[in-house]
Amino acid sequence: MLPHPNNDIRRIPSEKKKGIIGSSILHIIILILLIVVAFVPPEPPETEEGILVNFGTDETGLGMIEPSPPPVQEEASVPQPAPAAETQKEKALLTQNNEEAPEVKKVDPEVERKRLEKIEADRKLKEQLEAERKKIAAEEAERKRIEAEQKRQADIMNKTRDALANSKNAGTTSKSEGDAGGTGNQGVPTGSVDTRNRGEGSGLGSQGISYSLIGRNVRSLPKPEYDYQEGGKVVVEVSVDRSGKVIQARPGIAGSTILDDYLLKVAKEAALKATFEPKSDAPAVQKGTITYNFVLR
């Protein structure tokens, strides 16, 4: 007997439904297993794992052996002092309401006066040293000027000496004598033909000495004693008392053309030996000058 066709048609949906249900149950079981087994995190290892890195003291090094670490010195434990009881002063500081003003030191007037006097003395000393420095600089400049003038005069004298020597050797037909360029003999009518000092003035022209002391004549003008191969003019400032005695002499003042130590010395010695006419109405100390013209010997 053959099965009825309608029974086969009904059986097909029933089989399909069973397959879907079975497949769903299988997936649910797999999902539960994944949740229980696969999604459980592993327990952490008992020790950490990784790459060892050598922590040294420099980026570069030499050798393959790690040196022994220095012994670690155990710091002695310093016992902490037990908190002491607060003193009365600390309690007072904790309970005071007004801040104490800083103590102002009293300045002793005598000490302050001495300090100010010292500052003033230092200032005056500094000014004095500065003035002396400027004076020395001025004297040095004057000395250099005189040395330059001496050199110029020496050059002129050398040229003149050479010219005179040449003229004596060659002979001359000149009818005049002098250095001003005119005709005749240069000088003054009351002068002497034996001297080469041709101008007017007070002093001993034949000895190359002149003086200037207002209102007083000279009694004695000793000639400097020297034997020296230098020439020039030395002006000496003299201080004369009322009796006519020279009590002080300062050689090498303005007007001198040479500042040689030896010539200054002999000029001073000669000036101190000079005497002038006494004058009762003269100043107690009258200043004048004596000029010595030194010539080459």
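**Entry 1. Overall chain**

I began with contacts, meaning heavy atoms within 4.5 Å: residues 24 or more positions apart account for 65% of those in the chain with a separation of 6 or more. The model is predicted, so I noted that local features need pLDDT of at least 70, that side-chain atom pairs count only at pLDDT 80 or more, and that totals for chains, interfaces and linings use all residues. Residues are numbered from 1 along each chain as its sequence is written, and side-chain values use heavy atoms, with hydrogens and water left out.

I then looked up the secondary structure, in which helices (H or I, at least four residues) and strands (E, at least two) are DSSP runs numbered from the N terminus. The chain has four helices and seven strands. Their order along the sequence is α-α-α-β-β-β-β-β-α-β-β.

For the surface I used accessible areas from the Shrake-Rupley method with a 1.4 Å probe, where for residues only the protein chains shown count as cover. The chain exposes about 25600 Å² of accessible surface, and 57% of this belongs to carbon and sulfur atoms. I recorded residues as buried under 20% relative accessible area, exposed over 50%, and partly exposed in between (1.4 Å probe, protein chains only). On that scale, 14% of the 297 residues of the chain count as buried.

**Entry 2. Strand β4 and its partners**

I took strands as paired if DSSP finds at least two bridges between them. Strand β4 runs antiparallel to β7, and nine bridges join the two. Within this pairing, Gly 232 stands opposite Phe 294 in β7.

On β5 (residues 246-251), I found five bridges to β4, again in an antiparallel arrangement. Val 240 faces Val 246 in β5, and Val 236 has Pro 251 in β5 as its bridge partner. The hairpin of β4 and β5 has five residues between the strands, and Gly 244 there takes a positive phi near 95°.

Why did I record β4 as largely enclosed by the rest of the structure? Seven of its nine residues are buried.

I looked up Thr 291, which lies in strand β7. Thr 291 is buried, at a relative accessible area of 13%. Leaving out residues up to four places away in sequence, Thr 291 touches Gly 208, Ile 209, Ser 210, Lys 233, Val 234 and Val 235.

Asn 293 is also in strand β7. Asn 293 is partly exposed, with a relative accessible area of 36%. With the same exclusion of residues up to four places away, Asn 293 touches Gly 208, Gly 232 and Lys 233. I also noted that the C-alpha atoms of Asn 293 and Ala 267 are separated by 9.7 Å, the two residues being 26 apart along the chain.

**Entry 3. Aromatic pairs**

I counted rings of Phe, Tyr and Trp (its six-membered ring) as paired if their centres lie within 6.5 Å, with planes under 30 degrees apart as stacked, over 60 as edge-to-face and the rest as tilted. The structure holds three aromatic pairs. One of them joins Tyr 211 and Phe 276 edge-to-face, at 5.7 Å centre to centre with 65° between the planes. Tyr 211 lies in strand β2 (residues 209-212) and Phe 276 in strand β6 (residues 275-276), so this pair ties together parts that are 65 residues apart in sequence. Tyr 211 counts as buried at 13% relative accessibility, and Phe 276 is buried at 1%.

Tyr 226 and Phe 294 form another edge-to-face pair, at 4.8 Å centre to centre with 80° between the planes. Tyr 226 is in the loop between β3 (218-220) and β4 (232-240), and Phe 294 is in strand β7 (residues 286-294), so this pair ties together parts that are 68 residues apart in sequence. Both Tyr 226 and Phe 294 are buried. Ring pairs link Tyr 226, Tyr 292 and Phe 294 into a cluster.

**Entry 4. Nonpolar surface patch**

I defined patches by residues with over 30% relative accessible area and no salt bridge, joining like charges within 9 Å and nonpolar side chains (Val, Leu, Ile, Met, Phe, Trp, Tyr) within 5 Å. A salt bridge is a side-chain nitrogen of Lys or Arg within 4 Å of a carboxyl oxygen of Asp or Glu. Ile 28, Leu 31, Ile 32, Ile 35, Val 36 and Val 37 make up a nonpolar surface patch, together about 580 Å² of accessible area. Of these, I looked up Ile 35, which lies in helix α1 (residues 5-38). Ile 35 is partly exposed, with a relative accessible area of 47%.
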